[in-house]
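This briefing goes from the overall fold to the aromatic residues, a pocket and a few individual positions. Please read it alongside the sequence and the model.

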Amino acid sequence: LPNLKSSLTDGSTQSDLAFFKFPRDPARCQKWVDNCRGADLEDKTPDQLNKHDQLCATHFETSMICRTILFSPYRTVLRDNAIPTIFDLTSHLNNTQSRHRKRIKELSEDEIRTLKQKKS
């Protein structure tokens, strides 16, 4: 799972690392969730994700991040169309426990649609 930050815990050790809330827009929020590949995020609404979860700046292209002097010269914001695209999906290989987990079957587009319809 990527570097997620909840309002209760902060896993970051870098004080200057920016964190961004998940967007409230359902379509854009779903893209964030899809790219994060976090099963625990799938059942949350965009409002819940926006309120409780954040993603750190390391998951965004530098072109998607800008500094603004509107509120503070040190305030970092995302562009409106920013989608997280940078993930180290191999980090689990260094974790001996994760190597022994069962592989999860990749779902087809039809299976994904069926599961989403069942949730609705």
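The protein has four helices and five strands, where helices (H or I, at least four residues) and strands (E, at least two) are DSSP runs numbered from the N terminus. From the N terminus on, these elements follow the order β-β-α-α-β-β-β-α-α. This is a predicted model, in which local features need pLDDT of at least 70 and side-chain atom pairs count only at pLDDT 80 or more, while totals for chains, interfaces and linings use all residues. Residues are numbered from 1 along each chain as its sequence is written, and side-chain values use heavy atoms, with hydrogens and water left out.

**Burial and contacts overall**

- Buried residues make up 24% of the 120 residues in the protein, with buried meaning under 20% relative accessible area, exposed over 50%, and partly exposed in between (1.4 Å probe, protein chains only).
- Of the contacts (heavy atoms within 4.5 Å) with a separation of 6 or more, 59% join residues 24 or more positions apart.

- A search of the whole structure finds three aromatic pairs; rings of Phe, Tyr and Trp (its six-membered ring) pair if their centres lie within 6.5 Å, and planes under 30 degrees apart count as stacked, over 60 as edge-to-face and the rest as tilted.
- The pair of F22 and W32 is tilted, because the ring centres are 5.2 Å apart and the planes stand at 55 degrees.
- F22 sits in the loop between β2 (19–21) and α1 (26–36) and W32 in helix α1, so this pair ties together parts that are 10 residues apart in sequence.
- Both F22 and W32 are buried, and together with F20 and F60 they form one aromatic cluster.
- Leaving aside neighbours within four places in sequence, F60 is in contact with F20, W32, L55, I65, L78, A82, I83, P84 and I86.

**N50 and its surroundings**

- N50 lies in helix α2 (residues 46–52) and counts as buried because its relative accessibility is 8%.
- The side chain of N50 makes a polar contact with the side chain of R24 (3.1 Å); such a contact is a pair of N or O atoms within 3.5 Å, of which, within protein, one must be able to donate a hydrogen and the other to accept it, and residues adjacent in sequence count only if both atoms are side-chain atoms.
- Beyond its neighbours within four places in sequence, N50 is in contact with K21, F22, P23 and R24.
- N50 is also one of the residues that line the second largest pocket, among them F22, R24 and W32.

- N35 is placed in helix α1 and counts as partly exposed because its relative accessibility is 28%.
- The C-alpha atoms of N35 and I83, which are 48 residues apart along the chain, are separated by 8.3 Å.
- Apart from neighbours within four places in sequence, N35 is in contact with I83, P84, T85 and F87.
- R37, found in the loop between α1 and α2, has a positive phi of about 60 degrees although it is not a glycine.
- At 62% relative accessibility, R37 counts as exposed.

Notes:
1 Å grid on protein atoms, 1.4 Å probe; cavity = no way out; pocket = protein on both sides within 12 Å on 5 of 7 lines; lining within 4 Å.
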